[in-house]
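User: I would like to learn how to read confidence and pockets in a model. Please take me through one.

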Amino acid sequence: MILTDSSKKKSPKRKTGSFRKGDLGSAFLFLSPTLVIFSAFILFPVFFSFYLSFQKWNMFSGDATFVGLDNYARMFQSAEFWQVLKNTAIYSIGTIPINMALSLWVAYLLNKKLAGKKFLRTAFFAPVIISPVAAALIWRWMYDPNFGLVNFCVEMLGFNPVNWLNEPTAAMFALIIMSVWKTFGINMVLFSAGLQGIPDSYYEAAELDGAGKFAKFWHITIPMLAPTTFFIMIMSMISSFQVFDLVYVLTSGGPLGSTKVLVFYVYEYAFKFFEMGYASAISYFLFALLFLLTMFQIKFMKSKVYGAA
Amino acid sequence: MGGDRYIKVWKVSKKVFLHIIIYAFALLVISPFLWMILTSFKDMSEIYVYPPKWLPERFNFDNYVKAFTAAPFGRYYFNSLVVAFAVTLGQLITCSMAAFAFARLRFKGRDILFYIFLGTMMIPYNVTMIPSFMVLYWLGWIDTYYALIVPGLASAFGTFLLRQFFITIPRELEEAAYIDGASRFQVLRRIIIPLAKPALATLAIFTFMGVFNDFIWALIVVNSEQMQTVQLGLAIFRDRYLTEWDLLMAGSVTAVLPILIVFFFAQKYFIKGITLSGLKE
């Protein structure tokens, strides 16, 4: 509103002057630093890595040779690729639901009257802001099979100690737990914002109708949070498919490749073996996969979330 | 009467129970931090004990001294801070300029260009990572500050964030300045920027945190020890001192501390940044 009002009051001098010609020249000046950086490090790379995915090239010696779809064929025929894709999917499917349930629960509790809310919020958000490298290093120590805190708790609960980072299934589990710890604070903040956006009058009306706690949660909170939930799901999926730092430091993809994820695989081929073409093909596959999954979710959710309303 | 009292007791105990639950959970969440800090002050003989011991016999700073002599953490720190400050300052400038163009200037194709900008946020970084490395290689910038700084000097997220803020600033002030003969650049510097301080603070904190915590980019473009950042240095430190948890935890504390301090004083900007990025849909 403010904008439309003030634009009407524009001074006559400017209307006849620079404005009518448009501001193309100054716009170019103002945008040029950003455009230069973006051209070199986003636009060119997006197209060039697509081009690279059809080439065989180590970039240091000789020229790139066109190999058609060989890189993609090689990828789909590689057992390791499927293993890596499976690991990434397990990681995402393991992380996202726990993460969302936990962050919704904490946000829900924080929305009530509590003493020391500020402290609590700080505590839950602290893992989000620290570096993934340090976080993974702390958890490596926590997961130490002989002297670690995690096994101490496991034994206190009456179970046998686990060799967390040296057994394939346990290592993936360990990675998921750490990742939930590291990231649920972001979703907590988003859910909190969503919860605060629900008008009290909805709950009051439901109370008048005799709705219980559970009914209110199920029939008001959950549907009203649907757009937030949907957004969090997409963002979580995009970021969990690109996990790298946490894996690199916690397990380095091991044991036996059980926690090797897609970006780690790209990293290895690009910067250890310098097979730039093959690495680009994998990263483009990941790009396409994320795009399709996002589109699919948007379509699915549109019919579910918004279609019902 | 008796029933009322019963309900009151029930309500109070429910409240107490809720507090116990959430505080217990908070303790669980911060326990890795406590564990890291306490370990960093312990003697090796106190680290390898079972069952684990929470408190060290005495708080000694030897591990920090040892960590800083075992690897040039001072140098890592210097590198990280140089890079983080340079990128943050650079982004504040480039993003506010670009945001000004999108919020205030009129030119053909502005909205399309803005949507393309937003679209670039959807591109996974591993797609751009390989050619970006090549560009830096061709420029001869691998293993220099340029490689760590220059690719971060623009940001679609930052431009978007500032643009959303700029369009809420009323235009009257600018109109007056234009009539007095101010240039567009002066309007941006003297009027918009002072009014947009909260948005700039949010962007600055987010960028600083992102760059200081960055790992993969440093891993790719840095070869020599003297160019390593704190995060890269710490990861390499891990490979060298696999189970020397006294040194590793001292290193972790140093890698985490600056961000925790910034967070402590500027918490609201962190929260604001998260919710803003969450509301961009």
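Analyst: Start with pLDDT, the predictor's confidence in each residue, from 0 to 100. Helices (H or I, at least four residues) are DSSP runs, numbered from the N terminus. This is a predicted model: local features need pLDDT of at least 70, side-chain atom pairs count only at pLDDT 80 or more, while totals for chains, interfaces and linings use all residues. Residues are numbered from 1 along each chain, chains are lettered from A in the order in which they are written, and side-chain values use heavy atoms, without hydrogens and water.

User: Where in chain A is confidence lowest, and where highest?

Analyst: Helix α1 (residues 2–8) of chain A is lowest, at a mean of 40. Helix α6 (residues 79–110) of chain A is highest, at 96. The mean for chain A is 88. Over residues 1–20 of chain A, pLDDT stays under 50. Where pLDDT is low, the predicted coordinates should not be read in detail.

User: What does Phe124(A) touch?

Analyst: Contact means heavy atoms within 4.5 Å. Leaving out residues up to four places away in sequence, Phe124(A) touches residues of both chains, among them Phe184(A), Met188(A), Phe25(B) and Val29(B).

User: Which residues lie nearest the centre of the largest pocket?

Analyst: Tyr108(A), Asn111(A), Lys112(A), Lys113(A) and Lys213(A), out of 23 lining residues. α1(B) gives the most to this lining, with 6 residues. The lining has 9 charged residues.

User: How many charged residues line the second largest pocket?

Analyst: None; its lining has 23 nonpolar and 1 polar. α9(A) gives the most here, with 6 residues.

Technical notes. Helix = DSSP H or I, 4+ residues; strand = E, 2+ residues; numbered from the N terminus. 1 Å grid on protein atoms, 1.4 Å probe; cavity = no way out; pocket = protein on both sides within 12 Å on 5 of 7 lines; lining within 4 Å. Nonpolar A, V, L, I, M, F, W, Y, C, P; charged D, E, K, R; others polar.
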